[in-house]
Amino acid sequence: MTIPVFDDAPPQTERVSSYDERHFVTYLRLLEADAQGAHWHEIVRVVFGIDPGREPRRAWDVYESHLARARWMTRIGYRHLLEGRIE
């Protein structure tokens with residue numbers, strides 16, 4: 001699967017952004033893997049292509065920030081999908 005270009009942390013906007021839209025599949029993959037109990041090392045390796053052995057801090061930061069945004073999407077962000085978005 002192709003890994004979309006990603007930032008080390010998604011923008012922390014109050015509404016769904018174009019970054020969020022590009023990463024819907026990324027967020028779903030993170031949520032699914034987390035729900036299945038996958039270890040974060042494996043998740044970050046598969047979803048983002050980052051080796052946590054070589055870049056442990058970055059790997060954790062990318063994983064944690066994107067999973068938090070994915071959870072935000074399930075609680076709040078989804079409400080904005082049919083409304084206008086910010087850039």
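**View 1. I43 is found in helix 3 of the predicted model.** Helices are DSSP runs of H or I with at least four residues, numbered from the N terminus. At 2% relative accessibility, I43 counts as buried, a term that means under 20% relative accessible area with a 1.4 Å probe and protein chains only, while exposed means over 50% and partly exposed lies in between. Leaving aside neighbours within four places in sequence, I43 is in contact with L30, A33, D34, A38, F48 and Y63, where contact means heavy atoms within 4.5 Å. The C-alpha atoms of I43 and A59 are separated by 9.8 Å, and these residues are 16 apart along the chain. In this predicted model, local features need pLDDT of at least 70 and side-chain atom pairs count only at pLDDT 80 or more, whereas totals for chains, interfaces and linings use all residues. Residues are numbered from 1 along each chain as its sequence is written, and side-chain values use heavy atoms, with hydrogens and water left out.

**View 2. Helix 2 (residues 24–35) and helix 3 (residues 40–48) have axes that come within 11 Å and cross at roughly 155°.** Axes are lines fitted to C-alpha atoms, for helices over the stretch in contact, and angles run from 0 to 180 degrees between N-to-C directions. The two helices are therefore roughly antiparallel to each other; angles over 145 degrees count as such, those under 35 as roughly parallel, 65 to 115 as roughly perpendicular and the rest as oblique. T26, R29, L30, A33 and D34 of helix 2 make the contact with I43, V46, V47 and F48 of helix 3. By class, this contact has six nonpolar, one polar and two charged residues. Here Ala, Val, Leu, Ile, Met, Phe, Trp, Tyr, Cys and Pro count as nonpolar, Asp, Glu, Lys and Arg as charged, and the others, Gly among them, as polar.

**View 3. Helix 3 and helix 4 pack at an angle of about 85°, with their axes 10 Å apart.** That makes helix 3 roughly perpendicular to helix 4. W40, I43, V44 and F48 of helix 3 meet P56, A59, W60, V62, Y63 and H66 of helix 4. The contact has nine nonpolar, one polar and no charged residues.

**View 4. The axes of helix 2 and helix 4 come within 9 Å and cross at roughly 100°.** Helix 2 is thus roughly perpendicular to helix 4. From helix 2, F24, Y27, L30, L31 and D34 meet Y63, H66, L67, R69, A70, R71, M73 and T74 in helix 4. These residues divide into eight nonpolar, two polar and three charged. L28, found in helix 2, is exposed, with a relative accessible area of 55%. L28 and M73 are 45 residues apart in sequence and 9.9 Å apart in space, C-alpha to C-alpha.

**View 5. The largest nonpolar core has 19 residues.** Such a core is a set of buried Ala, Val, Leu, Ile, Met, Phe, Trp, Tyr and Cys residues joined through side-chain atoms within 4.5 Å. F6, L30, I43, V44, F48, I50 and Y63 have the most contacts inside it. Helix 2, helix 3 and helix 4 (56–75) each supply at least two residues of this core, and helix 4 gives the most, with seven residues. Not counting residues up to four places away in sequence, L30 touches I43, V47, F48, Y63, H66 and L67.
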